Amino acid sequence: MFSLRTWSRYSRYVLTSSKDWNVVIWDLASDTDPPRRVATVRFDAPIASASFHPRNSQILLVLLSVGEAYIVDLRKEHRGRTELCEPDDADEDSRQRNAAFTVARFDPSGKHIFIGTSAGYIVVFNSRTKTMVARHRIAGAGILKGLDFTKSGRRLATNSSDRTLRQFNLPVYPSPPSIPTSSFTPPPSSPPSNLSNGANGSNEMNEVNGTINMDASILETELEPMYRFHDPINKVAWHSMSYSPDGDWLAGGAADNATHKIYIWDLQNEGQFASALDGGREPLVHIHWHPTKPMIASTTNRGNILIWHCPTPERWGAFAGGFEEVDENVEYEEREDEFDIEDESDFIMRKQRMEEEPVDIFALEDTPTSTSLNALTSTTTNGHSHNPHHSLSAPLPHPHRQWHDSSSGANGTEVASRSRDEDEDLAWADEDPDEDYMEWRLKVLMEEDEDVR
């Protein structure tokens, strides 16, 4: 029985975990039914969560129910399985921080891995080096149960056992030094991984490579939330939360056994409560916001899926100029000659008189269009005039609203300055790329039915 399903970037591969402690990758572009099994990874405990790397479906992040997290790399040059762990310090405070891992997520770029612990800490690892780069304490959070990012990855929302959702602005993390593959030696107690071909041509990984734990500069801070979200009346817990595509709204699914409720907060208006959606009596299990549209999908414990959307009213005035929409029927009194049929001879004579009127072709009035074009073509930059053809050919903004993350605009310069440091991590993820491309098509298999006589 499958307990978890995750899709790759372009939905060609599906990652599933089951109660037999296996993680399986399926290829939906295969010609077989059921789809071909690409790889199988075995663990020694039930799977709590598993996900693909945002840039390469051959890199997996797996969290076990016993509180252990692993990075699994199925690429030929980097093949192995590495456990993520905090540095083993001798002081007592460090031993308290080294609690069990409860939730693990890649950030949207795939550069970092964020892991929540049962002691109220968020531990950040670098995906390439597998080393810890930061540890954040969240005061009063308790056990961390869920993490969610905006598209830019600059803001983080957490769900914890104190029945409170929190939003944070993330700092800039230092880039760890490169780790040559040949310089790492597994501990004596952890033999090298043994890869073999499994059933249906799959690759099965049976052993653990070891643990990479390097001494590096670790950012240790206490994150202060920008906003806290909770239900002060019912004091219900939360099953999950999800950001809107532009990052301006946050939706939280209540963990109420009697109702199906979704709460929405307006992050652009100081996180004020905006609306509550009631989905009936079936308890909510999970919610997710559409990647590009103002739509929310929520699931119930009975297997039903609810789609929430904002209905768009029809505007008939957009189809006819001068058309006026009214809320109620209005009695209209026509003029006496409004619908009279004009004599054809009178119409021809009136048209001839209009054509005989002289036209002044020397006097030009500045129309709004010509004025705006003159202003556009006379615009100067640093004292130099623009070419009118270049100015007119520049793309104009689309009249409709486009989804964007408001947090990315303020940090645009900051993101650009960090692009050079991130190139090494992105290049590592793009090595030996997968075949999950946007143009792939799902192959339809049809079976011929036997004629019923």
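**Sheet β25-β26-β27**

I began with an open sheet of 3 strands, ordered β25-β26-β27, with antiparallel pairing. I take strands as DSSP runs of E with at least two residues, and helices as runs of H or I with at least four, numbered from the N terminus. Two strands count as paired if DSSP finds at least two bridges between them. The edges are β25 (284–289) and β27 (305–309); each has a single partner strand, so one side of each lacks a neighbour in the sheet. I noted that neighbouring strands here are turned by 20° against each other on average, direction ignored; the axes are lines fitted to C-alpha atoms.

This is a predicted model, in which local features need pLDDT of at least 70 and side-chain atom pairs count only at pLDDT 80 or more, while totals for chains, interfaces and linings use all residues. Residues are numbered from 1 along each chain as its sequence is written, and side-chain values use heavy atoms, with hydrogens and water left out.

I then looked up β26 (residues 295–300), which is joined to the antiparallel β27 by 5 bridges. Which residue of β27 is the bridge partner of Ile-296? I found Trp-308.

**Gly-279**

I located Gly-279 in the loop between β24 (272–278) and β25. Is Gly-279 buried, partly exposed or exposed? Its relative accessibility is 25%, so Gly-279 counts as partly exposed; buried means under 20% relative accessible area and exposed over 50%, with a 1.4 Å probe and protein chains only.

Contact here means heavy atoms within 4.5 Å. Apart from neighbours within four places in sequence, Gly-279 is in contact with His-260, Leu-306 and Trp-308. For Trp-308 I also noted the C-alpha to C-alpha distance from Gly-279, 9.4 Å, at a sequence separation of 29 residues.

**Largest nonpolar core**

I count as a nonpolar core a set of buried Ala, Val, Leu, Ile, Met, Phe, Trp, Tyr and Cys residues joined through side-chain atoms within 4.5 Å. The largest one has 17 residues, of which Val-23, Phe-43, Leu-60 and Val-62 touch the most other members. Two or more residues each come from β2 (13–18), β3 (22–27), β4 (36–42), β5 (47–52), β6 (59–64) and β7 (69–73).

I followed Phe-43 further. Leaving aside neighbours within four places in sequence, Phe-43 has contacts that include Trp-21, Val-23, Val-62 and Arg-81.

**Whole protein**

I recorded 6 helices and 29 strands. The protein has 453 residues, and 37% of them are buried. Of the contacts with a separation of 6 or more, 50% are between residues 24 or more positions apart.

Notes:
Axes fitted to C-alpha atoms, helices over the stretch in contact; angles between N-to-C directions.
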